[in-house]
Amino acid sequence: MNDPRGLFDLSGRVACVTGASSGLGQQAATVLAAAGARVVGVARRKEALAEWRSGVGANAAAVTADLSLREALPELAEAVAEPFGAPDIVVHAAGINTRQPADEVTPDGWDMSLALNLTAPFFLSQALVPAMKAKGWGRIVQFASLQSARAFPGGMAYGTTKGGIAQMTRAMAQAWSRDGINTNAIGPGFFPTELTQAVFADPERADRNAAQTCIGRNGRMDDMIGPLLFLCSDASAYVTGQVLMVDGGFTAK
């Protein structure tokens, strides 16, 4: 048997990570670079993205883009291939949560949620898949949510998109796994990111969420390292179409 640690080595791989300017997207981009991949981070915020790139070093490149603009996604696919070549791995971490109650959902909020959370992951993946097919190897990792499995207050638009991500993950797996391109999703619990600032700003609410987990605490950024490396590497060669809940057992109770 070869050294099993080599299954997680991403040396020679190229990754594209959306939402790399902050939160779980930035964590994903940093982890993949540390594992040996050359990583192209994509986000709207140029300065934050540049700061991340500077911290990672030569294995990182940055592309500033608004992922909600569907017509710009084919051009974005070309841009992310320029620094290191066509990506073998794409991690879709960019997202928005409008937190509008059902009776107050606006057309603009709905459309933006679908464009960024659901449309961008599909059409960017579709544009990157031909190069993965040519290599016979690829990994697509989506970000699902607790709301892929259950409803939350104020989650009409966001929960709808995250339920869609779960099904889209399965559909992508059916479409492309025979070409060596595995598609899976991570469903985070409560992690301290920009999207969950309101949750962690309320200690009582954060404590309630922690108590809901089987482990008894909320997520820490390092809790994402293992799942990300698993789904982005050869370690997940026979895993596709799955939603891996990284939630401390929140959805198990």
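**Cores, sheet and charged pairs in a predicted model**

The largest nonpolar core has 31 residues, and Leu32, Val39, Ile89, Val91 and Met224 touch the most other members. A nonpolar core here is a set of buried Ala, Val, Leu, Ile, Met, Phe, Trp, Tyr and Cys residues joined through side-chain atoms within 4.5 Å; buried means under 20% relative accessible area, exposed over 50%, and partly exposed in between, with a 1.4 Å probe and protein chains only. All this comes from a predicted model, in which local features need pLDDT of at least 70 and side-chain atom pairs count only at pLDDT 80 or more, while totals for chains, interfaces and linings use all residues. Residues are numbered from 1 along each chain as its sequence is written, and side-chain values use heavy atoms, with hydrogens and water left out.

Where does this core come from? Two or more residues each are given by β1 (14–18), α1 (23–34), β2 (38–43), α2 (46–56), β4, β5 and α8 (225–232). Helix α1 puts in the largest share, 6 residues. The element names follow DSSP runs numbered from the N terminus: helices are H or I with at least four residues, strands are E with at least two. Leu32 shows how the pieces meet: leaving aside residues up to four places away in sequence, Leu32 touches Leu10, Ala15, Val17, Ala37, Val39, Ile89, Val91, Leu229 and Cys232, contact being heavy atoms within 4.5 Å. Another core of 27 residues lies apart from this one, with Ala61, Val63, Trp176 and Ala185 among its members.

Next, the sheet. Its 7 strands form an open sheet in the order β3-β2-β1-β4-β5-β6-β7, with parallel pairing; two strands count as paired if DSSP finds at least two bridges between them. The edges are β3 (60–64) and β7 (243–246), each with a single partner strand, so one side of each has no neighbour in the sheet. From one strand to the next the twist averages 20 degrees. Axes behind such angles are lines fitted to C-alpha atoms, for helices over the stretch in contact, and angles run from 0 to 180 degrees between N-to-C directions.

Strand β1 is mostly covered, with 5 of its 5 residues buried. Val14, Cys16 and Thr18 point one way from β1, Ala15 and Val17 the other way, and all are buried. The parallel pairing of β1 with β2 runs over 5 bridges, and Val17 sits opposite Gly41 in β2. Strand β4 pairs with β5 (residues 138–143), again in the parallel sense, over 4 bridges; here His92 has Gln142 of β5 as its bridge partner. Packed on the sheet is helix α5 (residues 156–176), which touches β5, β6 (181–188) and β7 and makes about 170 degrees with the direction of β5.

Helix α8 has its own buried set: Pro227, Leu228, Leu229, Leu231 and Cys232. The cover over these residues includes α1, β4, β5, β6 and β7. Cys232 itself is buried at 0% relative accessibility. What about disulfides, taken as pairs of cysteine sulfur atoms within 2.5 Å? The count is 0; for Cys232, the closest cysteine sulfur, in Cys16, is 11 Å away, too far for a bond. Over in the loop between β6 and α6 (197–200) lies Thr193, which is buried at 15% relative accessibility. Its contacts, not counting residues up to four places away in sequence, are Gly23, Leu24 and Met221.

On to the charged pairs. Side chains of opposite charge can pair when their charged atoms come close. The structure holds 4 salt bridges, each a side-chain nitrogen of Lys or Arg within 4 Å of a carboxyl oxygen of Asp or Glu. One of them joins Asp88 to Lys135, with the closest N and O atoms 2.8 Å apart. Asp88 is in the loop between α3 (73–81) and β4 (89–92) and Lys135 in helix α4 (residues 107–135), so this pair ties together parts 47 residues apart in sequence. Asp88 is buried, at 3% relative accessible area, whereas Lys135 is partly exposed at 44%.

Arg208 and Glu204 make another salt bridge, at 3.7 Å between the closest N and O atoms. Both sit in helix α7 (residues 203–212), 4 residues apart, or about one turn of the helix. Arg208 is partly exposed at 49%, and Glu204 is exposed at 55%. Arg217 and Asp223 also meet in a salt bridge, 2.8 Å from N to O; Arg217 is partly exposed at 26%, and Asp223 is partly exposed at 27%.

Notes:
Disulfide = S-S within 2.5 Å.
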